[in-house]
Amino acid sequence: MSGTRAYHLRDPRPAGFWPLALVFGLFLLFLYGPMITIFVLSFQGPEGGLTFPLRGVSLHWFHKLAEGLGTVDIGAAFRRSLMLGTVVMAFTIVLSVLAGLAFRKRLRGGDALFYIAVASLIMPSIIVSLGIGLQFRLLDTGVKELLGALGAEDLLEGYGTALGLMSSALGAHLTWTLPFGLLIMFAVFNRFNPAFEEAARDLGATPWQGFAHVVLPLIGPSIVGIGMFGFTLSWDEIARTSQAIGDVNTLPLELQGLTSTVTTPAIYALGTVTTIVSLLVMAAALGAAAWLGRRARSRGKA
């Protein structure tokens, strides 16, 4: 009505609001304070140190990082981590989706398979890494003995180890990322309405067409989330990689080694770069998930 003023009444804050808000603020400070501190200190001037106060503001230590940190090839370690994270992400997505589709039906021994798949989450990461490293060293011994028994001396001399970025390290990372992907996909299919697929079959769609045009668009945001988990968990992983990667290092392992030798803010610049990569992947995943969600809703209204 014209001439009427609308008043928005709001309930008064309860007595415990501000103490809880203070605790929550302190929690956020504890959670993100170290990351913000690293960001700030990485932009120091040439005279900057590892602690406050901040001495100037520049990109000096990022230039030093680009030049290299001693004998460590940061660029190669960065590329290795990027490649490994991408492959882990792809495997995590494909295997999680396939497992989710398989577990939609009651499987004999399915419960045992599920618990075996997620058991690595409760195992200490360093134990998993040691176990994988030991398995591949035993494989090396078996291969060398076999080559020796066959008299393949040339192959035996050229054989190094089965430990590597795309073998043992990949398997070690999948023991960490796959359980998360499986749990997400099981939850998605647990609340998935099969009526959509039945409608597609009634309209003459084949099983593949039903999956590609009905199921996949609906679970698309969840798949993006699984991919984000797969990449970021692999990108930051240290413990499961340490004993299972062979004679090369990923970026987190190089970063861990540099903390005892590099005493300049260049180490902070490296931490800032790795964190920015993680944030960019998360932002891209959230954007893709939002876009797929809007697309699915628009199709539903059509």
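1. A quick convention to start: contact here means heavy atoms within 4.5 Å. With that in hand, Thr-177 touches Val-88, Thr-92, Gly-230, Leu-233 and Ser-234, leaving out residues up to four places away in sequence.

2. Please keep in mind that this is a predicted model, where local features need pLDDT of at least 70, side-chain atom pairs count only at pLDDT 80 or more, and totals for chains, interfaces and linings use all residues. Residues are numbered from 1 along each chain as its sequence is written, and side-chain values use heavy atoms, with hydrogens and water left out.

3. On confidence, pLDDT is the predictor's own score for each residue, from 0 to 100. The protein chain has a mean of 87, and 95% of its residues reach 70 or more. Helix 4 (residues 110–118) has the lowest confidence, at a mean of 82, while helix 3 has the highest, at 93. Helices are DSSP runs (H or I, at least four residues), numbered from the N terminus.

4. Back to Thr-177, which sits in helix 7 (residues 168–190).

5. Now the cores: a nonpolar core is a set of buried Ala, Val, Leu, Ile, Met, Phe, Trp, Tyr and Cys residues joined through side-chain atoms within 4.5 Å. The largest one has 19 residues, and Leu-65, Leu-69, Ile-74, Leu-251, Leu-258 and Leu-270 have the most contacts inside it. Helix 12 is its biggest contributor, with six residues.

6. Leu-69 is in contact with Lys-64, Ile-74, Leu-258, Val-262 and Ala-266, neighbours within four places in sequence aside. A second, separate core of ten residues includes Val-97, Val-188, Phe-211 and Ile-223.

Key:
Helices (H or I, at least four residues) and strands (E, at least two) are DSSP runs, numbered from the N terminus. Buried means under 20% relative accessible area, exposed over 50%, partly exposed in between (1.4 Å probe, protein chains only).
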